[in-house]
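Work through the exercises below with the structure open beside you. Try each task before reading its solution.

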Amino acid sequence: MLSENQKIKQYHSLEEAVTHLFGGQVRCTERERVYGGDINDAWRVSLSSGEEIFVKTNHIRNLNFFQTEMQGLLALRSTGEIGVPKPLGIGTDQKKQTAFLLMEYIGASKRIRDYWECFGRQLAYMHKADASGYVERSGKNGAYGFFADNYIGANPQKNTPKETWVDFYRDCRLRPQMKMAEHYMDAGMKRRCSHLLDHLDTYLREPMKTSILHGDLWSGNAVCGTDGKAWILDPAVYVGDHETDLAMTQLFGKFPDAFYAAYHEVYPIDKEFYERRDLYHLYHLLNHLNLFGSSYLGSVCRILKKYSG
């Protein structure tokens, strides 16, 4: 499913990558800082050919950030259902001590009239796509996970294959984040965490099918492309329950109702989704607690009390 992976090469400098990808006479002529991310530096780079590319950089020790992001982008692109930037190459520059990821630049345009309806339908079709080819790893088989671990923000995200959704969400999502957050927790919170993990099967369902997920689908990770439609970027990809992506679209500002209505037409949203939604928010709130500090502790406590008494 990731056939584009065969075309991705690792380079020793941005200049080498540009020359190989665009021709021996092409050079970088200008770069403009792009703001918005918390982890990487990002640039819009103009080329002497008149083309533009998007480049992310980080310290050389963080090359794996870009290797896993590239894998996620390729997985989402392989469904053919929604706009996803094409990764062009990755590499490290020893002189500058940087790692980098090159991808196509998605220029902005005016949204089409039914932007949100189109976005909802495209995401639903992506979630309905066959997700069976993304999970096998190291001889293990499972319905849920991914073929490699990756990152949620700057934190590691485990994707060890699991046969059940409850096992995967407990062992690869909630438990690692709870462990990282222990120093924020008093004895009562720790008991609630333990209770929730032990009784997770009473709150979560086993979905009818698996879905390839963006994994971090808040409004900042969707942009309008030159086609006037939504393009999704900065993924934390894995195979799971499609409700997790829907929940994330409602954590930091809900998408318009038209988005969900169109999604529902293609892939019906279970009427009990809203009873599970906060459990899916909990993972991201724990991650934000671990990344950004105690301002997220109150939201974590509220959800733990809701589900564990």
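**Exercise 1.** In this predicted model, find how many residues lie between β2 and β3 in their hairpin, and which turn residue has a positive phi.

*Solution.* Step 1: the hairpin of β2 and β3 has 6 residues between the two strands. Step 2: in this turn, Gly36 has a positive phi of about 140 degrees. Step 3: β2 covers residues 28-34, and its pairing with β3 is antiparallel, over 6 bridges.

**Exercise 2.** Describe how β3 is joined to β4.

*Solution.* Step 1: β4 spans residues 52-59 and runs antiparallel to β3, with 6 bridges joining them.

**Exercise 3.** Is β3 largely enclosed by the rest of the structure, or largely open?

*Solution.* Step 1: β3 consists of 7 residues, 41-47. Step 2: a residue counts as buried under 20% relative accessible area. Step 3: 5 of the 7 residues in β3 are buried, so the strand is largely enclosed by the rest of the structure.

**Exercise 4.** Classify the packing of α3 against α7 by angle, and give its handedness.

*Solution.* Step 1: α3 (residues 115-128) and α7 (residues 257-266) pack at an angle of about 40 degrees, and their axes are 7 Å apart. Step 2: this angle makes α3 oblique to α7. Step 3: their crossing is right-handed. Step 4: the contact residues include Trp116, Phe119 and Leu123 in α3, and Phe259, Ala262 and Tyr263 in α7. Step 5: sorted by class, this contact has 10 nonpolar, 2 polar and 3 charged residues.

**Exercise 5.** What are the angle, handedness and residue classes of the packing between α8 and α9?

*Solution.* Step 1: α8 (residues 273-292) and α9 (residues 297-308) pack at an angle of about 145 degrees, with axes 9 Å apart. Step 2: the crossing of these two helices is left-handed. Step 3: α8 contributes residues including Leu282, Leu285 and Leu289 to the contact, while α9 contributes Val300, Ile303 and Tyr307 among them. Step 4: by class, the contact of α8 with α9 has 10 nonpolar, 2 polar and 6 charged residues.

How values were computed
Residues numbered from 1 in each chain as written. Predicted model: local features only at pLDDT ≥ 70, side-chain atom pairs only at ≥ 80, totals over all residues. Heavy atoms only, no water. Axes fitted to C-alpha atoms, helices over the stretch in contact; angles between N-to-C directions. Helix = DSSP H or I, 4+ residues; strand = E, 2+ residues; numbered from the N terminus. Left-handed = near helix turned anticlockwise from the far one by under 90°. Contact = heavy atoms within 4.5 Å. Nonpolar A, V, L, I, M, F, W, Y, C, P; charged D, E, K, R; others polar. Buried < 20%, exposed > 50% of the residue type's maximum accessible area, 1.4 Å probe, protein only. Pairing = 2+ DSSP bridges. Parallel < 35°, antiparallel > 145°, perpendicular 65-115°, else oblique.
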